[in-house]
Amino acid sequence: MTGLDVELLAADPVEPITSAGHAQLGIAVLAGIAVIVVLITRFKVHAFLALTIGSLALGAFAGAPLDKAIASFTTGLGATVAGVGVLIALGAILGKLLADSGGADQIVDTILAKAGGRAMPWAMVLIASVIGLPLFFEVGIVLLIPVVLMVAKRGNYSLMRIGIPALAGLSVMHGLIPPHPGPLVAIDAVRADLGVTLALGLLVAIPTVIIAGPLFSKYAARWVDVPVPERMIPARASEELEKRPGFGATIATMLLPVVLMLAKALVDIVVDDPEQMVQRVFDVAGSPLIALLASVIVGMFTLGRAAGFTKERLGSTVEKSLAPIAGILLIVGAGGGFKQTLIDSGVGQMILEISEDWSIPALVLAWLIAVAIRLATGSATVATISAAGLVAPLAADMSTTHTALLVLAIGAGSLFFSHVNDAGFWMVKEYFGMTVGQTIKTWSVMETIISVVAGALVLLLSLVI
């Protein structure tokens, strides 16, 4: 049972689907990943198709019968979508409610009204971290960048001094904190406890975002001084609304799933008796599905109805929130198929056997694998999914806390040095009106700081807990 409280449909097979030796399996892994990298970077093939083709290539190079390779891929795809697909959809609905109701603007306006001067970068990182909890990274950028540009323009701040903290908050949430797709899939793959991962993730995220955000922004502002591109300041989405939800109600709605999942983890530790009614209640209330579903239902009233939405408008908002995540669900599902093909081919067991003779700690190995795939593909989600599939067997004998730290090590590695093969790189470049070199000096360095600091904190935690 995973931290998602969902039985994996794709149980590890008793016998691998191929009898290939370590050398052939190693070549198969490199070939499969190379196919994915070349398709994504050279031929601009969608990540879903690239992962699908790469999975079949992996099976072929490993000498697996085609029908068994296909069965492994489809089983893994189905298991992954079953485990995290509903959660991603609920997160998308919550994020859309937050944006369309003006709740996000309410959070932004309230915090900015109470911040100024040297406190502004800290206010921006707080805004981005809170809003980034339920939102996908790209959505968060679209939502927050206009605010960043307006604050920098009206307050006469350096664009980097305000922008870097906001980007750091969004990126850290994206890479380390569920219910974002990458961490959810990694939790599912290594069978980690979601509540423990969330708690440790927050523990790692706070110092990481402080170092990569407000502190690093001082240097980024010195290295790159660009004017605010006024053409990129659009009208705010909630300006057409007659009223907006309250600040307190919005914050409570956004944090509800986090509180429920953390409460479940705490009760599991304190009570530690599955037969106790208290633990059974919190096991249900704190499960990711119920926690997010509860937040969505509450949000329909505290966000949607508070903004004056009719039943029809609420229905339309929910409907519109699901269409954009179709691609994400397919990528995540195909990543799960790739992971299952790796496991069924015996690659996971091969890494487990070889690593016994290595002096590299499992957490460092997981971080390095995620870094390599991130650099090659440009996708944090692809890096997380692939790395999780490769190192999943290493979690078999780990404690609950160290399994959660393995997830965080993968997430940290997946954020390393975003460059020209990452869509996020180009979004930041265009929104901030920077050159490629300036984007590397700021955004790419910031991502690297996040990856290294988070990875170091994960290692430190592994020594003390």
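Helix 14 and helix 17 cross with right-handed geometry; a crossing is right-handed if the near helix is turned clockwise from the far one by less than a right angle, and left-handed if anticlockwise. The contact joins I331, V332, G335, G336, F338, K339, L342 and I343 of helix 14 to T381, V382, I385, S386, G389 and L390 of helix 17, where contact means heavy atoms within 4.5 Å. By class, these residues divide into eight nonpolar, five polar and one charged. Ala, Val, Leu, Ile, Met, Phe, Trp, Tyr, Cys and Pro count as nonpolar, Asp, Glu, Lys and Arg as charged, and the others, Gly among them, as polar.

The model is predicted: local features need pLDDT of at least 70, side-chain atom pairs count only at pLDDT 80 or more, and totals for chains, interfaces and linings use all residues. Residues are numbered from 1 along each chain as its sequence is written, and side-chain values use heavy atoms, with hydrogens and water left out.

Two packed helices are described by the angle between their axes and the distance between the axes. Axes are lines fitted to C-alpha atoms, for helices over the stretch in contact, with angles from 0 to 180 degrees between N-to-C directions. Helices are DSSP runs (H or I, at least four residues), numbered from the N terminus.

| Helix pair | Axes come within | Crossing angle |
|---|---|---|
| helix 14 (residues 326–344) and helix 17 (residues 380–391) | 8 Å | roughly 25° |
| helix 5 (residues 120–132) and helix 7 (residues 159–176) | 7 Å | roughly 30° |

Helix 14 and helix 17 are therefore roughly parallel (angles under 35 degrees). Helix 5 and helix 7 are likewise roughly parallel to each other, and their crossing is right-handed. On the helix 5 side, M120, P121, M124, V125, A128, S129 and G132 meet R161, I162, P165, A166, G169, L170 and M173 of helix 7. This contact has ten nonpolar, three polar and one charged residues.

Two single residues follow. T208 belongs to helix 9 (residues 194–223) and counts as buried because its relative accessibility is 0%; buried means under 20% relative accessible area (1.4 Å probe, protein chains only). A polar atom of the T208 side chain lies 2.7 Å from the backbone oxygen of V204. Apart from residues up to four places away in sequence, T208 touches V172, I450, V453, A454 and L457.

K429 is part of helix 19 (residues 423–432). With 15% relative accessibility, K429 also counts as buried. Neighbours within four places in sequence aside, K429 is in contact with M434, T435, V436 and T439.

Terms used:
Helices (H or I, at least four residues) and strands (E, at least two) are DSSP runs, numbered from the N terminus. Angles under 35 degrees count as roughly parallel, over 145 as roughly antiparallel, 65 to 115 as roughly perpendicular and the rest as oblique. Buried means under 20% relative accessible area, exposed over 50%, partly exposed in between (1.4 Å probe, protein chains only). A polar contact is a pair of N or O atoms within 3.5 Å; within protein, one must be able to donate a hydrogen and the other to accept it, and residues adjacent in sequence count only if both atoms are side-chain atoms.
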